[in-house]
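Trainee: I would like to learn how to read aromatic packing and sheet layout in a model. Could you walk me through a case?

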Amino acid sequence: LLEKEYSDGQLYIDCYGYTKGKLPLSSEQILDSLLLSLRIPKDYIPYKVDDKLAFWRSYLHDKKLIIILDNINSEEQVKSLLPGNSMTLILITSRNHLLDFSNSYTFNIDVLSLEESISLLEKTSGFSSDKYKDLFEKVAKKCGCLPLALRIIGSRLRGRKSINLLNRFIESNDTISSLSRSENAVYESFD
């Protein structure tokens with residue numbers, strides 16, 4: 001939707017704020033990742049952190065980028081990276097309420113409603129909720145109506161002829177680890 005308005009590109013950095021087994025990235029690590037993502041040759045990037053930040057802000061001055069800083073655990077992790085005056089849009093996600101950003105908009109995103117959860121499960125699985133409404137409802141509740149968990153269950157169902165996976169999931173005691181894969185790490189969303 002925003003590609004035309006932000007025509008210089010999009011950057012995404014997982015800051016590991018709440019990723020099990022990983023330390024959250026420092027501001028400098030995030031900055032290095034951002035600069036490398038822009039394919040700026042290393043010899044052009046200053047060595048000292050303050051010089052690197054000045055270089056970053058100067059680079060962003062006339063750029064129209066979308067930058068997603070995902071999974072931060074505190075304002076301190078990214079605050080120094082925000083440009084003063086720039087045409088760049090920075091989207092920051094966190095489980096915490098972040099209050100220390102000026103010129104920002106805050107959106108609290110809740111879990112899906114039960115109806116939205118059932119609809120998402122239906123769309124991602126290819127199975128009709130008319131036929132399996134009770135089962136879909138139980139799965140949605142067991143997943144806490146979290147979109148990531150529902151998408152994973154739905155994608156595992158897609159292409160199968162049987163819905164037995166949902167029955168096994170409902171009957172299992174181990175809610176999250178039965179869903180988790182290293183690339184999705186759903187159980188971390190439930191902590």
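Trainee: Is F127 buried or exposed, and why?

Mentor: A residue counts as buried when its relative accessible area is under 20%. This is a predicted model, and here F127 has a value of 12%, so F127 is buried.

Trainee: Thanks! How are the rings of F127 and Y132 arranged?

Mentor: Look at the angle between the planes: over 60 degrees counts as edge-to-face, under 30 as stacked. For F127 and Y132 the planes stand at 80 degrees, with centres 5.8 Å apart, so this pair is edge-to-face. Y132 and F136 make a stacked pair, because their planes are at 20 degrees, with 6.3 Å between the centres.

Trainee: Where do Y132 and F136 lie?

Mentor: Both are in helix α4 (residues 129–142), 4 residues apart, which is about one turn of the helix. Y132 and F136 are both buried.

Trainee: Which charged residue sits over the ring of Y59?

Mentor: That is K63, whose charged end is 4.8 Å from the ring centre. Likewise, K142 lies over the face of F169, 5.1 Å from the centre of that ring.

Trainee: And the sheet: what is the strand order?

Mentor: Strands of a sheet pair through backbone hydrogen bonds, either parallel or antiparallel. Here 3 strands form an open sheet in the order β1-β2-β3, with parallel pairing. β1 (9–14) and β3 (89–94) are the edge strands, each pairing on one side only. Between β2 (residues 65–72) and β3 there are 5 bridges, and I72 has S94 of β3 as its bridge partner.

Notes. Residues are numbered from 1 along each chain as its sequence is written. This is a predicted model: local features need pLDDT of at least 70, side-chain atom pairs count only at pLDDT 80 or more; totals for chains, interfaces and linings use all residues. Side-chain values use heavy atoms; hydrogens and water are left out. Two strands pair if DSSP finds at least two bridges between them. Helices (H or I, at least four residues) and strands (E, at least two) are DSSP runs, numbered from the N terminus. Rings of Phe, Tyr and Trp (its six-membered ring) pair if their centres lie within 6.5 Å; planes under 30 degrees apart count as stacked, over 60 as edge-to-face and the rest as tilted. Buried means under 20% relative accessible area, exposed over 50%, partly exposed in between (1.4 Å probe, protein chains only). A charge sits over a ring if NZ of Lys or CZ of Arg is within 6 Å of the ring centre and within 35 degrees of the ring normal.
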